[in-house]
Amino acid sequence: METKKSKFGIKEVVAIGIGTALFVVLTEVAIPLGFIPNTALQVRAGMLAFIAALFGPIVGGVVGLLGHALGDAVFYGSVWWSWVIPDAVFGIAVGLFAKKFAINDGGFDGKKIALFNVVQVVANAVAWILCAPVLDIVIYKEPANKVFLQGIWAFIGDVIICAIIGSLLGFGYSKIKGSSSSLSKED
């Protein structure tokens, strides 16, 4: 019995490049939460969830890390590492379940979408309620009450964005991929 090894090749390198570029561009597509400072609904979160769910933890982690760092540098002039690292953590966490989501196999519907959303909620909780505030306190000596409130709002926003955008991208891609796979099998 042969086991299929996951490999890291050209497709994954291209996914990192395109995913990182999209993440950077989507940094500007944000809906500020005016009542919570420095916190916004980020469309890029849904795209990161999709990329991680499609290509796995290495691609998800690298896109989260590079995309967020470059987006901060380009649009804000400095990198806020305590919020960059959680995006990498999120990408890795979602990516760990990529095979179970079956997006590439055309099977991303029903239970797989539910699993994706359970995973993204837990991954977002770890990233934004735990990791980001703790890193804010440790790295930047930020006040705990402020950063945990920001983290909770980032968590809520990213969960909503990932549930909508990540699920729709995964479902759409899975249907296209599944259709093209079945067509090529018939030829």
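1. The side chains of T27 and R44 meet in a polar contact of 2.8 Å. A polar contact is a pair of N or O atoms within 3.5 Å; within protein, one must be able to donate a hydrogen and the other to accept it, and residues adjacent in sequence count only if both atoms are side-chain atoms. The T27 side chain also reaches the backbone oxygen of F23, at 3.0 Å.

2. This is a predicted model: local features need pLDDT of at least 70, side-chain atom pairs count only at pLDDT 80 or more, and totals for chains, interfaces and linings use all residues. Residues are numbered from 1 along each chain as its sequence is written, and side-chain values use heavy atoms, with hydrogens and water left out.

3. Where does T27 sit? T27 lies in the loop between helix 1 and strand 1 (30–32). Helices (H or I, at least four residues) and strands (E, at least two) are DSSP runs, numbered from the N terminus. T27 has a relative accessible area of 1%, so T27 is buried. Buried means under 20% relative accessible area, exposed over 50%, partly exposed in between (1.4 Å probe, protein chains only). Leaving out residues up to four places away in sequence, T27 touches Q42, R44, G71, F75 and Y76. Contact here means heavy atoms within 4.5 Å.

4. Helix 3 (residues 57–76) has 20 residues. From first C-alpha to last, helix 3 reaches 27 Å, close to the 28 Å expected at 1.5 Å a residue. That expected span is 1.5 Å times one less than the number of residues. Buried residues in helix 3 include G60, G64, G67, H68, G71 and D72. Their cover includes helix 1 (10–26), helix 2 (43–55) and helix 4 (81–95). G77 follows helix 3, with a positive phi near 85 degrees.

5. How many disulfides does the structure hold? The structure holds 0 disulfides (cysteine sulfur atoms within 2.5 Å). The sulfur of C131 is 16 Å from the closest cysteine sulfur, in C162, which is too far for a bond. C131 counts as buried, at 16% relative accessibility. C162 is buried too, at 0%.

6. Overall, the protein has 7 helices and 2 strands. Their order along the sequence is α-β-β-α-α-α-α-α-α. Of the 187 residues, 43% are buried. Among contacts with a separation of 6 or more, 71% join residues 24 or more positions apart. The C-alpha atoms fill a box of roughly 60 × 35 × 30 Å, taken along the principal axes.
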